[in-house]
Amino acid sequence: MDKVIVVGGGLAGLRAVETLRGNGHEGALTLVSAERHPPYDRPPLSKAVLAGETDDTTVDADWDELRCELLLGERATGLRLEPVGGVVTSTAGDLPFDGLVIATGATPITLPGDGRQHVLRTIDDSRDLRSRLVPGARIVIVGAGWIGAEVATAAAKRGCSVTVVEAADTPLAAAIGAEVGAYTAPWYAEAGVELRTGVKVAEVRDGGLVLAGGARIDADEVVVGVGVRPELSWLEGSGLLLERGVVTDGSFRAYAGTEEPGSVRRDVVAVGDCASWWSARYGRRLLVEHWDVALNAPEVAAASLLGQDAVYDAVPYFWSEQFGRMVQYAGSHAAAERIVHRGDPSGRKWAVAWLSGDRLDAILTVDRPRDLVQARRLIAAGTPVDPAAIADPDVPVRQAVRG
Ligand SMILES: Cc1cc2nc3c(=O)[nH]c(=O)nc-3n(C[C@H](O)[C@H](O)[C@H](O)COP(=O)(O)OP(=O)(O)OC[C@H]3O[C@@H](n4cnc5c(N)ncnc54)[C@H](O)[C@@H]3O)c2cc1C
């Protein structure tokens with residue numbers, strides 16, 4: 001390939017550049033990114049950066065050695081596909097390619113209303129919000145998901161008066177289900193954070209929130225953490241199949257028009273938060289908005305762009321640090337039959353496992369990192385487990401196998 005364009009300078013974009021070179025791409029390579037900053041890690045933005053423990057999360061990369069042209073602060077605006085290759089139109093002009101990596105990530109969803117609302121996606125967002133987390137400031141966070149919980153943790157630590165408003169009846173209901181999400185609710189009060197569940201927000205106005213029904217919650221700052229949307233706007237009308245994410249096969253190759261083997265583009269891959277990829281393991285498409293995918297999946301995307309056989313079939317994994325706890329999750333519990341508790345969820349360290357028969361579908365651990373590592377291996381290998389042993393926190397997970 002003579003010329004590969006990578007659109008999006010997050011972790012997935014950087015890893016695509018590194019792995020293209022690592023997999024033998026000798027042609028020209030250009031990374032176009034809307035942000036002015038070179039690629040940086042986002043997980044610390046809601047943790048160490050907000051807490052004031054670090055200010056720079058740039059990922060080490062030697063751009064000269066990678067022989068990669070960097071177009072920072074430039075945005076792709078459209079895509080014209082030709083039978084082979086095409087042109088990315090951008091604020092830096094037309095960028096012809098014969099290989100394209102789409103890694104434009106995701107954009108936070110905002111709420112109606114003309115009041116100021118903070119989202120947390122970029123290092124600039126994080127630095128701006130941090131400057132407002134001063135002792136006594138009334139911070140209202142909409143959404144008790146991963147980001148909401150982490151922002152609440154940092155804001156409470158900085159002496160703010162923090163309220164979290166959640167539409168569902170428990171935190172994290174969408175991510176891990178209401179039953180398990182409910183176990184995290186007491187953590188808020190413990191940290192001095194008021195958690196108000198079952199509350200729907202109508203709009204953000206200067207000075208706070210207006211709730212459905214008209215009541216108000218006053219705030220100095222409103223932070224919205226209600227999820228993200230894959231960043232696909234520049235791909236509208238390109239002919240690529242877009243649903244929730246760029247639709248790809250298990251090798252991250254995008255489809256032109258329809259999801260049929262004959263429609264797959266061998267010269268266009270999508271990876272990271274913007275890609276909805278086929279998982280043979282789960283027999284459905286997955287869109288996993290987590291760091292581990294952005295780190296590891298580009299290796300497969302780069303290999304398949306270069307015509308090598310590669311399929312991504314990892315077990316999804318993520319973590320969150322909230323209220324002084326390390327929460328980790330591996331697998332997918334979407335089709336699980338039941339939940340097995342491993343330790344007391346009102347205690348300090350515990351886990352829950354999702355099982356179907358003797359198959360371990362997923363695990364969530366709270367300050368039990370060893371359980372996570374061992375369970376992740378069992379899930380990946382499909383090793384049958386003994387549910388009674390899984391339920392015993394004194395039995396190492398790796399020994400809780402059948403036979
Ligand atoms: C605050 C925060 C905390 C997180 N914490 C965790 C955590 O604890 N654990 C975990 O597993 N995951 C966490 N994540 C998720 C993880 O960081 C993401 O999954 C990961 O960053 C996705 O990487 P990406 O490269 O696909 O997308 P992104 O990091 O979003 O990068 C996409 C890049 O493309 C650029 N771009 C977009 N559109 C265009 C365009 N048209 N032209 C050019 N450039 C464009 C964007 O500006 C951006 O720089 C967190 C995310 C955030 C925001």
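Guide: A residue is called buried under 20% relative accessible area, exposed over 50%, and partly exposed in between. The model under discussion is a predicted one.

Visitor: Why is D220 called partly exposed?

Guide: D220 has a relative accessibility of 38%.

Visitor: What makes R138 and D220 a salt bridge?

Guide: The criterion is a side-chain nitrogen of Lys or Arg within 4 Å of a carboxyl oxygen of Asp or Glu. The closest N and O atoms of R138 and D220 are 2.9 Å apart, so the pair qualifies. R138 belongs to strand β9 (residues 138-142), while D220 is in the loop between β14 (216-218) and β15 (221-224); the pair thus ties together parts 82 residues apart in sequence.

Visitor: How do you know that E150 and K47 form a salt bridge, and are these residues buried or exposed?

Guide: Their closest N and O atoms lie 3.0 Å apart, which is within the 4 Å limit. E150 is part of helix α4 (residues 146-157) and K47 of the loop between β2 (28-33) and α2 (48-51), so this pair ties together parts that are 103 residues apart in sequence. Both E150 and K47 are buried.

Visitor: What separates D128 and R132 along helix α3?

Guide: D128 and R132 are 4 residues apart in α3 (residues 123-132), about one helical turn. An α-helix has 3.6 residues a turn, so residues three or four places apart point the same way. D128 and R132 form a salt bridge, with closest N and O atoms 3.0 Å apart. D128 has a relative accessible area of 31% and R132 one of 24%, and each is therefore partly exposed. A network of salt bridges links R116, D128, R132 and E221. Over the whole structure, the search finds 27 salt bridges.

Visitor: How do you know that the span of helix α9 agrees with expectation?

Guide: At 1.5 Å a residue, the 13 residues of α9 (residues 369-381) should span 18 Å; the end C-alpha atoms are 19 Å apart, which agrees. After α9 comes G382, with a positive phi near 70°.

Visitor: Which residues of α9 are buried, and what covers them?

Guide: D371, L372, Q374, A375, L378 and I379 are the buried residues of α9. Their cover includes β23 (317-322), β24 (325-331), β25 (338-342), β26 (350-356) and β27 (359-366).

Visitor: What makes β23 and β25 edge strands?

Guide: The open sheet has 5 strands in the order β23-β24-β27-β26-β25, with antiparallel pairing. β23 and β25 each have a single partner strand, so one side of each is left without a neighbour in the sheet. Neighbouring strands in this sheet are turned by 20° against each other on average, direction ignored. α9 packs on the sheet, touching β23, β24, β25, β26 and β27, and its direction makes about 165° with that of β27.

Notes
Residues are numbered from 1 along each chain as its sequence is written. This is a predicted model: local features need pLDDT of at least 70, side-chain atom pairs count only at pLDDT 80 or more; totals for chains, interfaces and linings use all residues. Side-chain values use heavy atoms; hydrogens and water are left out. Helices (H or I, at least four residues) and strands (E, at least two) are DSSP runs, numbered from the N terminus. The expected span of a helix is 1.5 Å times one less than its number of residues. Buried means under 20% relative accessible area, exposed over 50%, partly exposed in between (1.4 Å probe, protein chains only). Contact means heavy atoms within 4.5 Å. Two strands pair if DSSP finds at least two bridges between them. Axes are lines fitted to C-alpha atoms, for helices over the stretch in contact, and angles run from 0 to 180 degrees between N-to-C directions.
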